[in-house]
Amino acid sequence: MTTTNLGMPTSGTAGVPLSDTPLTRKDFTSDQEVRWCPGCGDYAVLAAVQGFLPELGIKRENTVFVSGIGCSSRFPYYLNTYGMHSIHGRAPAIATGLATMRPDLSVFVVTGDGDGLSIGGNHLIHALRRNVNFTILLFNNRIYGLTKGQYSPTSEPGTVTKSTPLGSIDHPFNPVSLALGAEASFVARTIDSDRQHLTSVLRAAAAHRGSSFVEIYQNCPIYNDGAFEAVKDHETKAEAIIPLTHGEPIRFGAPGDDGLGSKGLVRSTSGGVEVVRVADVGTDALLVHDAHEADPSQAFAISRLVGTDVPLAPIGVFRQVARPAYDDLARAQVTAAAAQVEDRMTALASLVAGRDTWTVD
């Protein structure tokens, strides 16, 4: 995927030293025993990340994973890179400091729907609006797994958990909508069980200069099993998944007469988007996905399709636009300020050592 060049580096890894020798998955696999519950979606994500990191060609010592608290936050232990298992919800704040002070690092944040959207909500949205150059992986299983099954900020209404025995009455966050509302420059959603799609999204996120936000639907087999069954089951996923591909009409569902999805998205009279049958409106009426559109309105409207009466899940890159990264701007500002100080010190030294004198009454 590409982005529009606005005069700043377009690669999220620009300036990060590359390895002199080819790297493999084994190089990024630590000697720690992986300890998640059997069947946890985190295993699939870890395998995808370990398999993807060698493609970047970045030295292990220049790769950093920062996590908060939760099952997903065990990630730094299992990767043979630098990492920090930080405090609850504060991973984006710590990663901001790293990315700003160390342009030679490739920084990743690993968080969950509880860690990133509850106590860490403010840190997340401000990191996204600032456009700090790092990649945020938010594992969404719609439950607190580490603390044994309480409802989370993404749990659906009516969800019965240990902390909501009569069903949750909260209105849940839509992580992608939240990221788009914060005007994150890269926003995507993928699924733990789709290795190919997950890896392709990770590639695009790492290549992006600025904040990359990736929501990963991740199953918790112990406390919220089947939360995303509609997008995983072979019999239902064609009707549930709305694939987003830049530059292509948005179609999904069982194949129609032309062999493509029989359903699609069009603009609704309210200004949002709605699902229609292609046979009823024709292909020319369908929305063409534009991930590079500066205005996030259409991407936001598409993200709102999650949570309707019929299980739907737009999957792919919602938004990928170029704008200056916070850390690049901060370093440029510091450099400019240092140059001004140097100029002033030179002028002062010249004045002190000069031959001109004054008599002050």
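**A tour from strand pair to buried asparagine**

Select Phe252: it stands opposite Lys263 in E9. This is a predicted model, where local features need pLDDT of at least 70, side-chain atom pairs count only at pLDDT 80 or more, and totals for chains, interfaces and linings use all residues. Residues are numbered from 1 along each chain as its sequence is written, and side-chain values use heavy atoms, leaving out hydrogens and water.

**Stop 1: the sheet**

Show E8 and strand E9 (residues 261–267). They pair in the antiparallel sense over three bridges. Strands are DSSP runs of E, at least two residues; helices are runs of H or I, at least four; both are numbered from the N terminus. Two strands pair if DSSP finds at least two bridges between them.

The three strands form an open sheet in the order E8-E9-E10, with antiparallel pairing. Strand E8 (251–255) and strand E10 (273–277) are the edges: each pairs on one side only.

**Stop 2: helix H1**

Select residues 42–56, which make up helix H1. Its buried residues include Val45, Leu46 and Phe52. Buried means under 20% relative accessible area (1.4 Å probe, protein chains only). Just after H1, find Gly57, with a positive phi of about 75°.

**Stop 3: Asn140**

Go to Asn140 in strand E4. Is Asn140 buried or exposed? Asn140 counts as buried because its relative accessibility is 2%. Its side chain makes a polar contact with the side chain of Glu215 (2.7 Å). A polar contact is a pair of N or O atoms within 3.5 Å; within protein, one must be able to donate a hydrogen and the other to accept it, and residues adjacent in sequence count only if both atoms are side-chain atoms. The Asn140 side chain also reaches the backbone nitrogen of Arg142 at 3.1 Å.

Notes. The expected span of a helix is 1.5 Å times one less than its number of residues. Buried means under 20% relative accessible area, exposed over 50%, partly exposed in between (1.4 Å probe, protein chains only).
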